[in-house]
Structure formats: structure tokens, C-alpha cells
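Take the structure below one level at a time.

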2 protein chains.
Amino acid sequence: MAQNRLGSNFHQVSRDARVHHTDRSAMADQEYSRPRPRRRREGITIQDVANVAGVSIGTVSRVLNDRNWVSPATREKVMEAVRKTGFTANARARALVMQRTNSVALVLGAAPTALFEDPNYALILQEASRALAAANRSLAFLTAADDAERDRVASFIRAGHVDGVLFVSPAESGHDSLLDLLESRALPVVVCGNPFAEPRRIALIHTDDAPGCEALGRHFRDQGYQRTAVIVAYPGTLGPRQRVEAFTRGLGRDLVHCEPTARYSQEEGYAAMASLLDAEHEIDSVFATSDLLAAGAIEAVRARGLEVPDDIAIAGFDDSAIATRTTPALTTVHQPVAAVAQAMVREVLQAIDGTEATTRMLPTELIVRESA
Amino acid sequence: MAQNRLGSNFHQVSRDARVHHTDRSAMADQEYSRPRPRRRREGITIQDVANVAGVSIGTVSRVLNDRNWVSPATREKVMEAVRKTGFTANARARALVMQRTNSVALVLGAAPTALFEDPNYALILQEASRALAAANRSLAFLTAADDAERDRVASFIRAGHVDGVLFVSPAESGHDSLLDLLESRALPVVVCGNPFAEPRRIALIHTDDAPGCEALGRHFRDQGYQRTAVIVAYPGTLGPRQRVEAFTRGLGRDLVHCEPTARYSQEEGYAAMASLLDAEHEIDSVFATSDLLAAGAIEAVRARGLEVPDDIAIAGFDDSAIATRTTPALTTVHQPVAAVAQAMVREVLQAIDGTEATTRMLPTELIVRESA
DNA sequence: ATCTGATCAGGCAGCGCTGTCAATTCTCTG
DNA sequence: CAGAGAATTGACAGCGCTGCCTGATCAGAT
């Protein structure tokens, strides 16, 4: 038994020596020969503050974390020492012991180019960043456009870098494996965008597109448009389909044509409109399922010398920044993207604190401008 | 050897005393109530892997970090155990012991709205994100538009959340306190954008705007434009001033007028152009120091029923995504923003690894499209 | 004067990992 | 076949912090 302990005893020595030494150096700033400064010391630690204040590190910790049972006098001494030393608690040590990093990942499930192609993404990033900062959390930004990136995201999350995840995904599928992982870890996740193909235990913040789209359909009918087409990206997925259905419902008659596109981009909108015009459907109005598509469509119409809305009326969806920059300004359906981002943050923070995150649906509304 | 141990034995006394003491209190408690961890264990740890592989945690660590002195057989055993347990090293523990987080902050020194207002910012974010991911680093996204946010950034950095900082700032001043902090901490920082007002020990990645702007000036002269004005944001700062100077040099004659704006936005460009037109300078050509300003200027010109470039030629600066989306497409000066972001990441990573980050300058070139 | 309970402060284990060093085993030599 | 050296592994301190537990202190009550 004693033999067994021998090894430990040896090390205990240096430890005792260290404590002894620290106490001394607190009294007089003599030599500072730590037993083995293997790595350079990083900065002011809680121990330094404790030395200056003449208390133990436990007390400093108690003051910093606003725990009870610290006398006002001691508290003041510690605060003063913190001020004097310029101490900031080491986030890494804190993260280790607290099992919490105070940061949240924002995973963009698309190529990063989407960030300036689609103002919605930038807006979500902006609002999420702001909301997290307000809650004193930091934002880790990741993209997950392809499998390699998804792997990276997965290992990032498994490594415990973040307390929760905000997942912003376009309607494309391909994220199922990542969603599976997120679902399987007990890590709070909030997704925004389109409803899931299959039910999931992941909270979803999405917009109720139907009312706005239906109102837009009624607006088209009221304006007296006779032959209407739609340009729709990701036509196979649930969200876009719902938009078109609600629009058609409001319109009260069948669509002349439905032109699909691969993504939400201005170029795709241009191309789709061009092919609609080429097909000579004799349309007088078009609903594009995003403002970017609509902006492209407007360009295509004007490139042929036609006028919007007189020759062809065009409406978009999103009410993003581009909606007021087109000529004419876009009639569109307002989607509360900022509110979505804020709700995502609120839900994920709640989930981190233990309350289950809940799925929420936010309303949309028709914004009539000049293009339709 | 035995002599050496003797010294230890001396200290062994105090240790034994301590042990005795502990034992006593354990007896008083009647039971050993503390072998179990107090917090729930978080997941698979290196200890679990070691147990499965039948080796010590040190050996597992050595295998994972690809250190020498591990026999092939043991290595295989450990790898197998890692596979079987699905172990991923805890990033937080690693960060603490390594004094390194493997993440880098991207600080946007502007309101987050800039992100979709100015494509440059989004592009930098995109490229930095990509480059960091490729280097297996994560990106913490922060904004520092006002003092409150700068304080947040400062304490974030002091807390040791990141190993380095990428600072993306518009020409505005107001960041001096933050730059002071960054400079004072021995933390690698790379800034992009305009040269510093005062010399700093911070690496800077910026573009050499002069060649492109001068070429643009020559192009204006070659086109036969007679009366040229400029629209310039942040006219007091070094970068914009250099652009205008180089442009004027290429032009070979004085500017008719210099219209200042507060920021780089389409709206400001519109307003500046409108006021230029109102002032009846009889100009036939305008150089705006960013594509966004130029895009706004084009709108303003066309809103008055004038044609670009026939009535008034307009050129921009940046060659951002918007340059090809205006009608007509913008003649502009290409700024290698993606390359800037990549250089920033390269420099900051080098600096983290000990090499001093160096200031770099990247070239610009004239892109002639239709607007001038 | 002693006991009791409420406060307050200190001590220390331990979060999960890495780096150092000692211990152990294996391989050659002379 | 001992002894030196090389290869391999184990042990454990410690990164900086928090949380539990214990000890000390001080009123107020007995």
C-alpha cells in the first residue's frame, strides 16, 4: 500500500511546494518559479485576482458568478482586484468545467454564394447575430453545401464546439444525414425554412405562406389579369408547392403554365421568363416564388421591349431588399425573415436552458407596389 | 537514485498527514461519497477509448495526435477502439490544454445590414469561411458597428475565444480603441480595407487601387469624355482619396466636381447623382468609388430620362456582383475581394503558427463593360 | 461560558485532454 | 548473458475554472 503510493507521494511534493510558493509570492513579488512552467502562462488568471485581493480563488469565483455568501467587504475587495488586474475569465476553462460554450452555430445549408445572392440568408445571419450578441452568446458560422462540408459540420458539433444549432436550409434535400445527427445528439436545434419531408423531433420556425399567397392571387384576379403563369424554384418540395397552391386558390382559376427553376436566383428568373415568353402562352401576369426570380423576370420582360406591369404584371415573394430596387418596384408577399431569425434564436436559447424548443409559424402578408 | 528518493520522503510526511486527515473525514462521513463524478459525464471520452483498447489514455492521445513511439499493433488497437466507440475529442478540453481554440473571429466593423447592402462584405465572409474551413478552423462571426458592440468584441477576444482576428472595416474611423486592444494583445490580427491613418503593428491586406483607377481615368479620356465628376464615399479617408487621385491622374485633367456621400449604398449613389444633375455642372461622365454608388447613380440618370452611357457615362469600383446586374452593365475596377479574404486567412493562420503576419497589397484592374 | 445556527471563506476534486518523464520491455551488442 | 541503449507505454500534473464540502467566525440564545 505504502509502496503503491510512493509514486504519488513524489508528485505531491511539487504540488505542496507550489502552493507554498504561490503564497509567498502573493506577499512579496519575489521570484516566480512555478514548478514547471511548461507552457507559458496565458494571462491574468483567477489566481492572480485572488492573490491581489488576498482571498482564495473559490471566493473570487463566487463573486464573479454572483453566488451568495460573500460579504460585501470581500466582494468589493475582489471587484477592486478584478479592476486592477484587468481580469477576464478564460472562456475555454469555463467552457470545459461548465460543459457549455455559450456559442451557437449557424449552419447555412447552401453554398456560401447564397449569402449575397439571396438577401434572405444575409438577413437571417444579421438578425441571428444581433440576437445572439444581445444574449451574450457568440455565433459560429458554418456552411453545409455538400457532403464534405456536412461532415465538417458534423464533427464540429460532435466536438462540442457549440451549445445549439440554427440550421438555415433551402428547400433542397440532402441534409437528412445531418438532420439525423442533430436529432440524435441531445443538442438543441432549430431549423427554419420549409417543413420537413418526414416528421422530426426538431423545432422548426417557418412562415405561413398561404395567407399572403392567397391574397396575392385575389389581387391578381381583382386587377383583372386573365392569363397567369408561375415561376417556381424547387417545384417538387412542400413549401414552394404550398405557395403555388394558395396563390391558385386566391386566383380562382387555373394557371396557364408553371415554369420550374433550379434555384432562387436572378439569372434563373430571367431564363424562366424568357422561356415563358418564347412559348407564347399569351400570358399577362406572372407570380414568381421569390423576389430574385421576379427581378430576373422583370429584366427579361423589359429586354423584349415590353412593359411591367402594363404588358405583363409580375409579383414576387419575400419582400426582400431587392423588392424596392427593381423598376418598377415589386408587388410581393412579405415574409418576416427578421422575425424568423429572432424566433430561432429565442427557441434555441430556451432549449439550451432546458425548455423544449417548439415549432412556430409566422404570418405573411401581401405588399402591393407597382409591378402588379 | 535512492538519495534522490530521500528528498521525497521528507515531504512524504506532510502528504501522509494530509492523507490521514482525508481518511479521517471519510470515516466521519461513514462512507466514500465522492468517487462518482458530480456532473453527468458528457459523452465518450478518451478514457473510454483507452479502456476499450486496453491501453492508457496517454497512448490514445499519442495515437490521435500522430505522435511517435507507438507500435503499429497498439495504434491499430486504438484506432479500432475509436471507431467502435465513435469517439470525437472534446474541443473544449483540448482548447484549454492547448491554449488554442482553432477558431478565428471575423469582425465586421459595420452594421450587419452592410452584409447584404455591400456584396463585398458577403463575399469576404464567404471566402474567409471557406478558407478557414479548409484549414479546419471555425469562424466566429461578430459585428462591431457601435461602441457597445466593440466592447462586446473586446471582451470576447480577451476571454480567449479565438486564436486570431480578421477585421473587416469600412473606411470610417471609430475603431481605434478596438485596434489598440487588438494591437496590445499579442493576438494575431489581420485587417483588410483602407490603410491605417497612423502606422500600426497590425498586418493589413489591401488592394493597390491606383493602377485600376488610373487605367479607368485613361479610359475616360480615350472615350473622349470632357466633363467628369466623381461620387466618393468617406472622402476624408486615405483609400477613397487615393482612388480619386489615381483616377484624376489617368484622366489627365481636373474634375468638374466631387460629390461626397456618407456610405457605400445604392441610395446614397442615387441621391449624389441627383444632386450632381441638379447642380447643372454639364457633366458627361461620372466615376463612383463603388459599384453600389454607381448603380444608384445609373438609376438616378435614367429616372430623368437620360441614357447611360450616351448622355452620361458612369463607372464604378469593386466589380462586385451588382456590376453585371445593372442596365447597362458597369464599367468598373476589379478588386480581388476573394483573394483578399484568402490572403487574410493565410496570414492570420501563419501568425497563429508563429510567423509574423505581413502586410500585402493585391492588384486591381480595369473592367470595361457598357456603362462607360 | 457554552451551544447553535447562520454566514462566510478556503480547500480541493475534477471537467477531458496533452506533455513530460519515469518505468518497462525489447534489441542489440561485446 | 549482462549491460547499454532504443522503443514503447504508463502515470500524472496541470490548463483555469466551478461546485461541493468543510472549517472558521460571529451573533444570539441558553
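Chain A of this predicted model is assigned three domains. Domain 1 covers 46-97. Domain 2 comes in two segments, 103-206 and 337-362. Domain 3 takes 209-334. Between the C-alpha centres of domain 1 and domain 2 of chain A lie 35 Å.

Now turn to where the chains meet. On chain B, 45 residues are in contact with 45 residues of chain A. Which elements of chain B supply at least two residues each to that side? They are α1 (2-29), α5 (91-98), α6 (114-117), α7 (119-134), β2 (138-143) and α8 (147-158). The largest share, eight residues, belongs to α7(B). By type, the side of chain B that touches chain A holds 19 nonpolar, 17 polar and nine charged residues.

The strands also join the two chains. β2 of chain A, residues 138-143, pairs with β2(B). The sense is antiparallel, with three bridges. Within this pairing, A:Ala140 stands opposite B:Ala140.

Last, look at α10 of chain B, residues 209-223. This helix has 15 residues. From first C-alpha to last it reaches 21 Å, close to the 21 Å expected at 1.5 Å a residue. Which of its residues are buried? B:Asp209, B:Gly212, B:Cys213, B:Glu214, B:Leu216, B:Gly217 and B:Phe220 are. An α-helix has 3.6 residues a turn, so residues three or four places apart point the same way. Keep that in mind when reading the list. After α10(B) comes B:Gly224, with a positive phi near 85 degrees.

Technical notes. Residues numbered from 1 in each chain as written. Chains lettered and ligands numbered in written order. Predicted model: local features only at pLDDT ≥ 70, side-chain atom pairs only at ≥ 80, totals over all residues. Helix = DSSP H or I, 4+ residues; strand = E, 2+ residues; numbered from the N terminus. Expected span 1.5 Å × (residues − 1). Buried ≥ 20, exposed ≤ 12 C-beta atoms within 10 Å, placed from the backbone. Contact = placed C-beta atoms within 7 Å. Nonpolar A, V, L, I, M, F, W, Y, C, P; charged D, E, K, R; others polar. Pairing = 2+ DSSP bridges. Domains from an automatic or database assignment.
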